[in-house]
Amino acid sequence: MKSILLGPPGAGKGTQADKLVEYLNAYHLSTGDIFRENIKNNTELGKKAKSFMDKGELVPDELTVELVWDKLKSIDSENIVLDGFPRNLFQAKALDDGLKNNNDKIDVVIYINVPEEELIDRISGRRVCPTCSRSYHIKSNPPKVDGICDYDGSKLIQREDDKEETVRNRIKVYNESTSVLVDYYKEQGILIDIDGTKTPEDVFESIKKSL
Ligand code: AP5
């Protein structure tokens, strides 16, 4: 199964992706994580991506589509969860065309629906693991030991692009470029609309039921 997690910044895509990849025994392909890994390793891609990410803008399509395509070709699994890609109509069409050429397709798009007011609160309380990329929230999803990742013991950090001004721009960019994908996939009959305001566990139960 090839699935996409769609939703605004802070909707819980990464949180649900962790659960979904375990449930489906799938490969987790997160463009945001790949860019952050490249920034950490100071690669050419990382240097280019950083200037856009720091402003809350999308990394240009020519970098992103090629990156995803190379990755998709190298993944040795039928089950893939795409998280953070596609993010505009150009990327969505490029993905559809590329998969079609390989007699493949996206099976389901999981749209996590959360009102804008809640997104800022979620993102400002988010802490992430720099090693395994798992995300926590200081109130709603705290680690077992304050400031420490449950899985690998790394010290949790706040993401560079989680400053309020940058977050507001990321939400604006989502509304302008990404939200149109809800209708795009609805028209294809593959979108499931999930209420993302419940607890992470209840959101995941809704996803499993819908699948
Ligand atoms: P990316 O890393 O994809 O970030 P994003 O889409 O902005 O999403 P977030 O990671 O902020 O949120 P999320 O939905 O994963 O929520 P999470 O589970 O962490 O992209 C970052 C940047 O990279 C972009 O701005 C862009 O520059 C670039 N980029 C990436 N992909 C690109 C592409 N395809 N094209 C071009 N550029 C691209 O949850 C958030 C918080 O809420 C956490 O603290 C969590 O614990 C908490 N939480 C989660 N679920 C719940 C719940 N149900 N109830 C309460 N709290 C919850």
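Author: The shell around the ligand has eleven nonpolar, 15 polar and ten charged residues. In this count Ala, Val, Leu, Ile, Met, Phe, Trp, Tyr, Cys and Pro are nonpolar, Asp, Glu, Lys and Arg are charged, and the others, Gly among them, are polar. The model is predicted, with local features needing pLDDT of at least 70 and side-chain atom pairs pLDDT 80 or more, while totals for chains, interfaces and linings use all residues. Residues are numbered from 1 along each chain as its sequence is written, and side-chain values use heavy atoms, leaving out hydrogens and water.

In total, 36 residues surround the ligand, each with a heavy atom within 4 Å of it. The closest are Thr 15, Glu 57, Arg 87, Arg 126 and Arg 170.

A polar backbone atom of Tyr 136 lies 2.6 Å from a ligand oxygen atom, and for Gly 14 a backbone N or O atom is 2.9 Å from an oxygen atom of the ligand. The protein buries 97% of the 1,000 Å² that the ligand exposes when taken alone, by the Shrake-Rupley method with a 1.4 Å probe.

Helix 1 (13-24), helix 2 (31-40), strand 6 (135-137) and helix 9 (200-210) are the elements that give two or more residues to the shell. Helix 2 gives the most, with four residues. Helices (H or I, at least four residues) and strands (E, at least two) are DSSP runs, numbered from the N terminus.

Technical notes:
Polar contact = N/O pair within 3.5 Å; in protein donor to acceptor, adjacent residues only side chain to side chain.
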